[in-house]
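Take a look at the chain below. We will walk through it step by step, from the overall layout to single residues.

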Amino acid sequence: VENVIAPISPSSPSACEKHEFLVREAATSAQPYAGDYFCKRCHSECDGCHGASAHDCDQCINVLYKGECISSCPSLTYTVNTTCFDCDRNCTLGCTGAKAEDCTLPTTPIQQATTRSTQATLPASTTQR
């Protein structure tokens with residue numbers, strides 16, 4: 001939904017609201033204000049913008065991921081402030097940082113039993129200090 005009432009002077013972009021941006025309509029014979037400037041709404045994830053897409057935000061309402069404002073971080077990412085970053089490519093369950101050491105470890109009973117079983121079969125010099 002566009003918030004267009006009448007053309008605006010390009011010298012007064014402050015005439016647009018915070019969640020709008022100034023745009024010049026392409027000149028066509030079908031539009032009565034062709035070639036004039038209008039305020040249009042920003043993308044719904046933007047808190048201020050300079051264009052219509054989620055890549056044109058001045059600030060995100062929720063989070064930023066790869067230059068785009070989105071509602072929440074995707075899986076296999078971690079968050080610093082309001083920015084999402086990809087986990088290390090070896091992480092399969094998630095992570096808390098960028099390094100492989102930051103991967104979320106499995107915690108299911110079967111995986112814990114496998115870990116204990118592996119440790120029990122190692123030589124005593126490896127499991128005891």
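**Cysteines, cores and a sheet**

At 3% relative accessibility, Cys69 counts as buried, because buried here means under 20% relative accessible area. Keep in mind that this is a predicted model.

What does Cys69 touch? Leaving out residues up to four places away in sequence, Cys69 touches Glu45, Ala54, Cys57, Gln59, Cys60, Val63 and Leu64. One of these, Cys60, is also joined to Cys69 by a disulfide, with 1.9 Å from S to S. The torsion about that S-S bond is about -75°, so the disulfide of Cys60 and Cys69 is left-handed. Cys60 has 18% relative accessibility and therefore counts as buried too.

Cys69 also belongs to the largest nonpolar core. This core has seven residues: Phe21, Cys42, Cys46, Cys49, Cys57, Cys60 and Cys69.

Now step back to the whole chain. How many helices and strands does the chain have? There are two helices and six strands. Read from the N terminus, the order is β-β-β-β-β-β-α-α. The chain has 129 residues, and buried residues make up 25% of them. The chain exposes about 9100 Å². Carbon and sulfur atoms supply 52% of that area.

Four strands form an open sheet in the order E4-E3-E6-E5, and their pairing is mixed. Which strands are at the edges? They are strand E4, residues 68-70, and strand E5, residues 77-80. Each of these edge strands pairs on one side only. On average, neighbouring strands of this sheet are turned by 40° against each other, direction ignored. Inside the order, look at strand E3 (residues 63-65) and strand E6 (residues 83-86). They pair in the parallel sense, over two bridges. Leu64 has Thr83 in E6 as its bridge partner.

How many disulfides does the structure hold? It holds seven. One of them is the link between Cys60 and Cys69. Two others are worth a visit.

Start with Cys16 and Cys39. Their sulfur atoms are 2.0 Å apart, and the two residues form a disulfide. What does this pair tie together? Cys16 lies in the segment before strand E1 (20-24), and Cys39 lies in strand E2 (residues 37-41), so the pair ties together parts that are 23 residues apart in sequence. The torsion about the S-S bond is about -95°, so the disulfide of Cys16 and Cys39 is left-handed. Both Cys16 and Cys39 are buried.

Now move to Cys46 and Cys57. These two form a disulfide, with their sulfur atoms 1.8 Å apart. Cys46 and Cys57 both lie in the loop between E2 and E3, so this pair ties together parts that are eleven residues apart in sequence. Is the disulfide of Cys46 and Cys57 left-handed or right-handed? The torsion about the S-S bond is about -65°, so the disulfide is left-handed. Cys46 is buried, with a relative accessible area of 1%. Cys57 counts as buried at 14% relative accessibility. Both residues are members of the largest nonpolar core.

Glu25 lies in the loop between E1 and E2. Is Glu25 buried or exposed? Its relative accessible area is 16%, so Glu25 is buried. Glu25 and Asp36 are eleven residues apart along the chain, and their C-alpha atoms are separated by 5.9 Å.

The other two stand out by their backbone. Most residues other than glycine have a negative phi. Lys66 has a positive phi of about 50°, although it is not a glycine. Lys66 is found in the loop between E3 and E4. At 59% relative accessibility, Lys66 counts as exposed. Leu76 also has a positive phi, of about 60°, and is not a glycine. Leu76 lies in the loop between E4 and E5. With a relative accessible area of 38%, Leu76 is partly exposed.

Key:
Residues numbered from 1 in each chain as written. Predicted model: local features only at pLDDT ≥ 70, side-chain atom pairs only at ≥ 80, totals over all residues. Heavy atoms only, no water. Core = buried A, V, L, I, M, F, W, Y, C linked by side-chain atoms within 4.5 Å. Buried < 20%, exposed > 50% of the residue type's maximum accessible area, 1.4 Å probe, protein only. Contact = heavy atoms within 4.5 Å. Pairing = 2+ DSSP bridges. Axes fitted to C-alpha atoms, helices over the stretch in contact; angles between N-to-C directions. Disulfide = S-S within 2.5 Å. Areas by Shrake-Rupley, 256 points an atom, 1.4 Å probe, with all protein chains shown as cover.
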